[in-house]
Amino acid sequence: MIDLEDSRETQQQLYKFRYLKEQRDMFQEQIEIINASRANIVNTKTTLENIKSGVKENDEILFPIGGIVNIKASIKEPEKVLLTVNQDVVIEKNIDSAVEFLEKIIEQHNKQIEFLNNQLQNLNLSLSEISKALQRDIIKK
């Protein structure tokens, strides 16, 4: 009877371990996605700052149109940018306002990453504890 109870407890620990491992993997994937988004936004912010400091009206630039393809384009209003805030809304802002907006998004991403990293630490601690308990159960048998 005791063996049956121990077996159920071990089985529950294994299910819990698998569940927590799946959660950990999901959080790691979310961190990767947010890091990629943050890197893109940081790159955009840097580009805006470079435009502000060195691009004048009618300067020619390379404009990416997808993949590895660029076209030459002339800048008409280098002090203004169009900022997509959602699928249906694009607003015009000056470069300083756009940079400020991007900084807020970067900060949000940093907070999300910090939260997810804390969750990962907690999950890793739980996984470690369960792993040790399972090892003790195996040694007992």
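Visitor: Is lysine 45 buried or exposed?
Guide: This is a predicted model, and the answer rests on a computed area. The cut-off for buried is under 20% relative accessible area. Lysine 45 has 19% relative accessibility, so lysine 45 counts as buried.

Visitor: Which residue does the side chain of lysine 45 meet in a salt bridge?
Guide: Side chains of opposite charge can pair when their charged atoms come close. The pair here links distant parts of the chain, 58 residues apart, with lysine 45 in helix 1 and the other residue in helix 2. With 3.6 Å from N to O, the partner is glutamate 103.

Visitor: How many residues apart are glutamate 100 and lysine 104?
Guide: These two form a salt bridge, with their closest N and O atoms 3.9 Å apart. Glutamate 100 is partly exposed at 45%, whereas lysine 104 counts as exposed at 51%. Both lie in helix 2, about one turn of the helix, and their separation is four residues.

Visitor: Which element gives the largest share of the largest nonpolar core?
Guide: The core has eleven residues, among them Phe27, Ile31 and Leu120. Two elements give two or more residues to this core, helix 1 and helix 2. The largest share is seven residues, and it comes from helix 2.

Visitor: Which residue caps the N-terminal end of helix 2?
Guide: Helix 2 covers residues 95-140. A side-chain oxygen of the capping residue lies 3.2 Å from the backbone nitrogen of aspartate 96. The cap is asparagine 94.

Technical notes: Residues are numbered from 1 along each chain as its sequence is written. This is a predicted model: local features need pLDDT of at least 70, side-chain atom pairs count only at pLDDT 80 or more; totals for chains, interfaces and linings use all residues. Side-chain values use heavy atoms; hydrogens and water are left out. The expected span of a helix is 1.5 Å times one less than its number of residues. A polar contact is a pair of N or O atoms within 3.5 Å; within protein, one must be able to donate a hydrogen and the other to accept it, and residues adjacent in sequence count only if both atoms are side-chain atoms. A nonpolar core is a set of buried Ala, Val, Leu, Ile, Met, Phe, Trp, Tyr and Cys residues joined through side-chain atoms within 4.5 Å. Buried means under 20% relative accessible area, exposed over 50%, partly exposed in between (1.4 Å probe, protein chains only). A salt bridge is a side-chain nitrogen of Lys or Arg within 4 Å of a carboxyl oxygen of Asp or Glu.
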